[in-house]
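I am opening a notebook on a structure that is new to me. The entries below record what I looked up, item by item.

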Number of protein chains: 2
Amino acid sequence: MSVAIGFDFGTESVRVVVVDVSNGRVVAQASRDYAHGVIDKELPDGNVKLPPDYALQHPQDWLSDSAAACKEAVTASGVSLDEIVGIGVDFTSCTMMPSFADGTPVCLFERFGRVPLAYPKLWKHHGAKAETDRINAVARERKEPWLDRYGGTIGIEWFFPKVLETLNHEPGVYDITDVWLEAGDWFVWQLVDGPFPKCSTKNLSRSTCQAGYKAQWNRETGFPSPEYFAAVHPKMRNVVSEKMPGRLVAPGVKAGQLSEAAAELFGLRAGIPVSAAIIDAHAGVPGAGVADAGTMVLVMGTSSCHMMNATTDATIPGVAGVVQDGILPGFFGYETGQASVGDAFAWLVETFDLSHGDLNKKAALMPPGSRGVLALDWLNGCRTPLMDGRLSGAFVGITLNTEPAQLYRALMEATAFGVRWIVETIESAGTPVDRFVASGGLPVKSPLLMQIYADVLDREIKLAESDQSVALGAAILGVLASGINGSGPEAAQRTIGAMARQRHDLVYRPNASAVAQYQKLYKMYRTLADKDGAVARTMRELRDLK
Amino acid sequence: MSVAIGFDFGTESVRVVVVDVSNGRVVAQASRDYAHGVIDKELPDGNVKLPPDYALQHPQDWLSDSAAACKEAVTASGVSLDEIVGIGVDFTSCTMMPSFADGTPVCLFERFGRVPLAYPKLWKHHGAKAETDRINAVARERKEPWLDRYGGTIGIEWFFPKVLETLNHEPGVYDITDVWLEAGDWFVWQLVDGPFPKCSTKNLSRSTCQAGYKAQWNRETGFPSPEYFAAVHPKMRNVVSEKMPGRLVAPGVKAGQLSEAAAELFGLRAGIPVSAAIIDAHAGVPGAGVADAGTMVLVMGTSSCHMMNATTDATIPGVAGVVQDGILPGFFGYETGQASVGDAFAWLVETFDLSHGDLNKKAALMPPGSRGVLALDWLNGCRTPLMDGRLSGAFVGITLNTEPAQLYRALMEATAFGVRWIVETIESAGTPVDRFVASGGLPVKSPLLMQIYADVLDREIKLAESDQSVALGAAILGVLASGINGSGPEAAQRTIGAMARQRHDLVYRPNASAVAQYQKLYKMYRTLADKDGAVARTMRELRDLK
């Protein structure tokens with residue numbers, strides 16, 4: 001049996017899967033919570049408190065915890081080390097960090113162990129508000145050609161806002177940094193050339209996925225120009241040439257092969273081909289068995305990422321990124337997102353000490369419209385299409401008889417309206433969205449949610465067969481990098497077709513009477529959600545008031 | 001010692017107070033929950049289920065429970081029966097009923113014991129939606145002169161919608177009814193001429209307060225014309241002359257004196273003067289020691305009623321009623337209201353199993369603006385100024401960190417914005433609002449709420465000294481009816497001045513920095529609350545969708 005290994009780095013934990021190359025079956029898997037978890041209260045020494053917007057991680061966790069999970073999974077799988085043909089890696093993004101040229105994270109250098117901004121910044125670190133404004137303002141002023149590709153707005157969670165934040169607040173960290181890079185790229189670097197301090201920047205690969213979606217890179221023109229960076233901050237003029245070494249490699253293309261030292265650390269054999277990294281959500285596309293244009297993959301969890309390959313390039317206001325070869329080779333990859341989905345439902349449950357199961361049961365008995373309650377789902381801002389972090393959530397239609405399950409269902413319906421808005425936004429630019437496949441934890445947990453989505457979209461929704469489609473997607477990229485199935489787009493399609501697919505026993509189909517009701521409700525949602533309407537304006541004013 | 005007795009009929013219970021005429025001290029009091037409570041699920045026999053909008057009461061409770069409370073209070077007071085100089089009665093309104101000419105409620109007639117619409121309809125009975133629309137449409141079409149006096153809209157809780165509802169759905173009840181009347185008038189009738197079946201319509205008095213505010217009556221032209229009623233429904237042409245006997249008597253004027261049989265039932269002596277009834281909230285004006293023009297009395301409870309005497313007549317869109325001698329003789333009485341205040345706070349507490357005390361404590365620590373959450377307080381519709389029962393509540397500004405206490409404070413602030421809107425509405429018609437006195441349960445329970453009101457209004461707010469100002473107001477009317485202090489406006493002022501006043505140890509004064517913040521927040525509230533804006537339109541559409 002030939003197998004591939006997928007490393008899946010989430011926000012709280014890392015999962016390692018061992019996957020049968022012939023059919024995509026997960027032979028074994030293991031996971032570990034990160035020893036330091038999300039560092040958002042204080043640094044590990046316990047003496048340095050963090051501001052409320054901070055979310056950091058400890059790079060040693062990524063090595064130690066993934067190595068432990070890898071050993072457990074491989075042992076449990078019973079395969080011999082020779083049967084492992086490739087390794088793939090997906091990672092949260094933009095989770096990024098400053099490193100030395102030998103691969104050592106700056107935060108592990110004693111002098112910087114108590115400096116928060118020397119640590120890796122997790123994707124949801126929101127410390128770079130002013131920097132994001134600056135980066136956008138300069139880009140707009142200079143009419144940077146890449147700006148349209150990101151719907152006109154660079155996000156607070158992206159790469160260069162986080163670099164600039166460090167430069168502004170800890171110039172010493174910026175100065176001493178040799179390499180700014182994505183955590184996924186750093187991990188791949190450790191596999192093929194490390195672990196640190198054995199790495200060399202000559203052997204550093206950067207994923208076109210992370211670079212394309214989070215760092216304004218594109219295949220034709222590369223990263224933004226020195227002139228642009230100089231206008232943002234004089235010291236950043238040469239940030240790319242001086243502090244961002246590495247060659248750009250697409251996911252599914254070999255970044256290198258497992259080093260001797262890394263093989264020892266992970267209990268594997270040296271020489272296994274390793275794919276360039278991919279963003280976790282994006283790995284969900286191959287992992288859901290989707291290898292064609294026009295199928296939107298809804299990766300649904302605490303937040304949702306909706307991705308689609310298309311044959312046409314387009315710049316669409318509010319679509320966070322369109323990147324050539326960003327998801328799979330041969331396509332333009334579209335990324336859109338909703339900043340709170342499962343998180344919104346969890347807010348209700350946790351804030352009021354309720355039960356998901358109980359609320360789901362009651363919500364399922366209600367007709368479309370949550371018995372008169374309509375919500376806006378922007379509890380963590382609106383990503384696509386408004387790209388506005390100052391927006392917030394809302395409930396309208398509360399009466400003295402309103403029950404918690406109505407708010408719960410209203411939040412579900414609101415996220416469904418949000419998806420429909422995204423689909424309409426993409427289609428309005430001439431890019432058809434033909435099919436829907438859902439993956440991630442939420443679709444399995446909540447059949448009600450999936451039925452609501454089918455009814456609101458008035459489309460069939462299939463489910464990814466695997467409940468580990470992101471990790472499976474990473475393993476598939478390992479197979480592609482190995483070359484055992486050949487190379488190029490056809491090999492990719494064949495491999496994905498063999499290793500991943502959708503369930504055929506469970507397809508959510510729209511119900512005609514619900515569709516009609518949701519047609520009316522969606523119009524109301526859009527009225528409330530108007531970018532320049534009374535509600536959105538009030539939300540921004542409330543945010544500014546604080 | 002001379003004392004007066006006040007009967008205070010609330011929604012759930014009746015309270016009887018024995019009050020020292022010389023200084024307004026409550027010598028003793030007692031209360032009883034109604035044996036049948038609010039009848040909103042099924043009729044007392046347990047076999048007839050009620051529609052969700054129904055809210056009925058059992059007339060026997062009003063007699064039996066008030067008699068028990070009266071005996072207990074009088075015994076506890078230690079006064080001799082000769083010392084009781086007068087009796088006053090306040091009652092919820094429009095709580096109304098069909099009766100026979102001998103005072104027997106129609107629902108107690110065996111044939112109608114299982115007919116819901118034969119029972120008294122409580123003020124919050126909302127079964128007459130279509131009838132309210134009809135009554136308004138015909139009035140507008142005919143340009144009825146009295147319509148302006150009610151802000152252009154007759155409410156669903158008022159008298160004639162409830163009559164028409166019965167006629168439409170239970171014509172047999174309508175036909176057999178000899179007398180349609182307010183429960184307060186029915187109770188006074190029982191005192192002076194009953195109890196039933198001993199009553200005669202010759203001795204029936206109707207309160208100008210209830211008739212003026214809830215039945216489109218005014219001193220100059222009486223009730224609406226037969227032509228109007230005929231246009232509403234042919235059978236209603238002569239509803240006033242045929243089914244509404246009685247003479248119109250102002251609160252504080254003697255309706256009669258306690259009958260022998262009633263004296264026996266209540267454990268009192270026959271012959272005590274009894275005042276015409278008054279609406280419960282309106283009794284709060286004299287009960288708060290307010291006898292002048294320009295002082296608004298905020299009677300705050302589950303809902304709020306804000307009343308003011310003025311020297312000028314005015315028709316103001318959205319002000320529910322301006323009635324000459326409606327509250328006190330010699331003034332035009334303005335009535336405005338908010339349909340959910342304490343009820344809105346209770347909704348949050350009860351729906352999510354929280355604690356008022358805990359929420360109050362946390363809310364008090366927040367700055368104005370509830371840390372970014374803004375609410376609309378229309379959980380039971382908007383009374384003044386929009387007069388629209390289809391409106392509902394809303395929250396805007398919810399984030400993943402929003403806590404219950406933010407929603408709680410946001411509801412408090414929203415009700416304060418609602419009062420400010422009412423004040424601005426009245427003042428825009430040229431009627432100044434100079435002073436504020438708060439009474440009812442809420443002001444005592446929540447100092448935070450009162451401070452928010454003072455900050456939002458940017459005015460001082462005094463509190464009624466008595467925590468039973470409504471019941472005290474009823475007793476004061478008993479004194480006025482007795483004539484022991486003389487008669488006419490000056491006697492009324494003197495009596496009120498002696499028996500009721502405001503606290504001087506606790507005055508809520510606006511805080512300058514909070515006032516400035518609330519100025520901004522109030523603007524946002526008004527933007528969201530726009531009558532024809534996106535939020536209000538959506539609320540109406542949501543209501544229609546159900």
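**Entry 1: a charged pair in chain A**

I looked up Glu42(A) and found it partly exposed, at 32% relative accessibility. Buried means under 20% relative accessible area, exposed over 50%, and partly exposed in between, with a 1.4 Å probe and protein chains only. I use salt bridge for a side-chain nitrogen of Lys or Arg within 4 Å of a carboxyl oxygen of Asp or Glu.

A note on the basis: this is a predicted model, in which local features need pLDDT of at least 70 and side-chain atom pairs count only at pLDDT 80 or more, while totals for chains, interfaces and linings use all residues. Residues are numbered from 1 along each chain as its sequence is written, chains are lettered from A and ligands numbered from 1 in the order in which they are written, and side-chain values use heavy atoms, with hydrogens and water left out.

**Entry 2: further salt bridges**

I noted 48 salt bridges in the structure over all chains. One of them joins Asp313(A) to Arg149(A), with the closest N and O atoms 3.4 Å apart. This pair links distant parts of the chain, 164 residues apart: Asp313(A) is in the loop between strand 13 (304-310) and strand 14 (321-324) of chain A, and Arg149(A) is in the loop between helix 2 (129-141) and helix 3 (159-169) of chain A. Helices (H or I, at least four residues) and strands (E, at least two) are DSSP runs, numbered from the N terminus. Asp313(A) counts as partly exposed, at 37% relative accessibility.

In chain B I looked up Arg390(B) and Asp544(B), whose side chains meet in a salt bridge (3.2 Å, N to O). Here too the pair links distant parts of the chain, 154 residues apart, with Arg390(B) in the loop between strand 16 (374-376) and strand 17 of chain B and Asp544(B) in helix 19 (residues 534-545) of chain B. Arg390(B) is partly exposed at 35% relative accessibility, whereas Asp544(B) is exposed at 51%.

**Entry 3: where the two chains touch**

How many residues of chain A are in contact with chain B? I found 42 residues of chain A in contact with 42 residues of chain B, contact meaning heavy atoms within 4.5 Å. The two chains bury about 3500 Å² between them, 75% of it on carbon and sulfur atoms. Buried area is the accessible area (1.4 Å probe) that two parts lose on being put together, summed over both. Phe352(A), Leu400(A) and Leu545(A) supply 19% of the area that chain A buries against chain B, more than any other three residues.

The count of salt bridges between chain A and chain B is zero. Among the elements that give two or more residues to chain A's side are helix 11 (342-351), strand 17 and helix 13 (404-428) of chain A. Helix 19 of chain A gives the most to that side, with nine residues.

**Entry 4: cores and a covered helix**

I then looked up the largest nonpolar core, which has 152 residues, and those with the most contacts inside it are Trp378(A) and Trp378(B). Apart from it lies another core, of 46 residues, including Trp62(B) and Met97(B). A nonpolar core is a set of buried Ala, Val, Leu, Ile, Met, Phe, Trp, Tyr and Cys residues joined through side-chain atoms within 4.5 Å. Leaving aside neighbours within four places in sequence, the contacts of Trp378(A) include Trp421(A), Met539(A) and Ile398(B).

Helix 11 (residues 342-351) of chain B is mostly covered, with seven of its 10 residues buried. Among the buried ones are Phe345(B), Trp347(B) and Leu348(B). Strand 17 (393-398) of chain A is one of the elements that cover them. Asp353(B) follows the helix and has a positive phi, near 55°.

**Entry 5: two single residues**

Is Thr208(A) buried or exposed? It is buried, with a relative accessible area of 0%, and is found in helix 6 (residues 208-214) of chain A. Val444(B), in helix 14 of chain B, is exposed at 52%.
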